[in-house]
Amino acid sequence: MSAASGVDPGHAGPAPGAVPLLRMEGITKRFPGVVANADVSFDVHRGEVHTLLGENGAGKSTLMKILFGLYQQDEGEVYLDGEVAAIGSPAEAIERRIGMIHQHFMLVPTLTVAENVALGLRSSRWPLMDLAAISERIRELSETYGLRVDPDDEVWKLAVGERQRVEIIKALSREAELLVLDEPTAVLTPQEVDDLFVTLRQMTADGRGLIFISHKLHEVLELSDRITVLRDGRVVDTIAGVDATREELARMMVGREVVATRTRHTGEVGPVRLAVRDLQVDGDRGTRAVDGVSFDLHGGEILGIAGVSGNGQREMTEAIAGLRTTVGGSVRVDDTELTGHSSAEMRAAGVAYVPEERMRDGAIGDFTVAENLLLLDHGREPYARRGVLQLATIQRHCRDLVERFKVKTPDTSTPISSLSGGNIQKVIMARELSGSPGVVLAAQPTRGVDIGAAEYIHERLIAQRDDGAAILLISEDLDEVLGLADRIAVMFEGRIMGVVDSDDASPAELGLLMAGVTGDD
């Protein structure tokens, strides 16, 4: 690949007649029972950010796996710099100077930055590693792109944003000229996102082509030169970033208008339904993950818990739900002391729990939709009498929930693992909310679901709030927290850094709190 630029300096789009760095023409990929990509054409020019946008299952991941050699297309061709390229493996993709920066980092925590970058690179002192040369290259790339990484640091000691910089340096050290960035901002603070975008613009200014995959529409609009929208495995359209709007992109993704709902509670909040005082919880490694967290959650409000992943949110929520032992502090629900009680006792007290890992903690993949809906209530009346299941009652109940929560499934006897992520989440929501709980713990409720399912899940949480339930919303998506929550608490290293009213909150202020910076600092 040459280094000539194919995009005008103003990033208004590809220069007329320029040969694309990448062209995927008529790509079709079939799996048993589904066409993942149907005659998809897509190109990327040097010096541009071309965003690939679409709901879950739209075909984005399949297309990128074909580009990176993980899948082989059934029809169509891939061209690099105008020449047909048969990419049979990730090793061949890397050799062709294609890099992929995954949402979940591919780093070895116990190795240093230099050692991680060295993995897969042929040393100039083969068979010995030349870490000195690699460290010097890392410093050069760090200075050129403002990546601020120390080659001698062990990866496990790095913050999330720093680990992502290591992933970018890994790709650049292999002289990648075409980079795929899969949800690169999912675990970053707003300030880290700003820094990342500066780096990405520098990379395009140097003639690289970037494929950006994100569900955050404001980031797509800010960064993209062009945007291609996929729906049901087909290209809906490709438009210039300067001409796009959030409303238009959402409509193209879903196939209908997506209406933002005003979520603020206009009436008086109710009494405290959940009171947490000086909660202390240990993590899986025995270290303190939650260190003195206190808050009140009222009926008729949504309290958002914001923060970068790994700052104690999961451990706190599991402790409140009765799934993790507390070291100290108290949890009270409706003035009843429930610290240390089991998950069954918490549920009996009116606490519903939507876990962040839906297939690990929220559903059993081999069970049917109906079995998952009755997972926690199958032994209770009216679903069972004297130990005998009341099948007709169960069937009516499950059909009613499927209809009320708009679960797309052939029938209630379908294995839940065959449903899309959004519909699995709807089944879990239906089960947890059907008993009219007083407190709802919703952890990452829309993670990995498409914009249409996310819209519906938000509507259900708002409806529960308006009916008087107390909603604790734990989310790493700052847009989601700002859009839904009435108040926002920010967690950092196991502590709450501050609580702000959402009407007064700004992404910049929340981002500083997420990084551990308070007003006093």
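What volume does the second largest pocket have? In this predicted model, the second largest pocket has a volume of about 520 Å³.

**View 1. The second largest pocket and its lining residues.** The lining comprises 22 residues. Those that lie nearest the pocket centre are Glu55, Lys408, Asp450, Gly452 and Ala453.

View 2. Helix 15 provides the largest share of the lining, with five residues.

**View 3. Asn423 in helix 14.** Helix 14 spans residues 421–433 and includes Asn423. Because buried means under 20% relative accessible area, Asn423 counts as buried at 9% relative accessibility. When residues up to four places away in sequence are not counted, Asn423 touches Lys406, Val407 and Lys408. Of these contacts, Lys408 is also among the residues nearest the centre of the second largest pocket.

**View 4. Val439 in strand 19.** Strand 19 covers residues 439–443 and contains Val439. The relative accessible area of Val439 is 1%, so this residue is buried. Apart from neighbours within four places in sequence, Val439 is in contact with Arg273, Leu274, Val333, Gly350, Val351, Ala352 and Ala470.

**View 5. The C-alpha atoms of Val439 and Leu472.** These two residues are 33 residues apart along the chain, and their C-alpha atoms are separated by 7.6 Å.

Conventions
Residues are numbered from 1 along each chain as its sequence is written. This is a predicted model: local features need pLDDT of at least 70, side-chain atom pairs count only at pLDDT 80 or more; totals for chains, interfaces and linings use all residues. Side-chain values use heavy atoms; hydrogens and water are left out. Helices (H or I, at least four residues) and strands (E, at least two) are DSSP runs, numbered from the N terminus. Buried means under 20% relative accessible area, exposed over 50%, partly exposed in between (1.4 Å probe, protein chains only). Contact means heavy atoms within 4.5 Å. On a 1 Å grid over the protein atoms alone, a cavity is a set of points where a 1.4 Å probe fits but cannot get out, and a pocket is an open set with protein on both sides within 12 Å along at least five of seven lines; lining residues have an atom within 4 Å of a point. Grid points are joined across faces, edges and corners, and a volume is the space filled by probe spheres set on the points.
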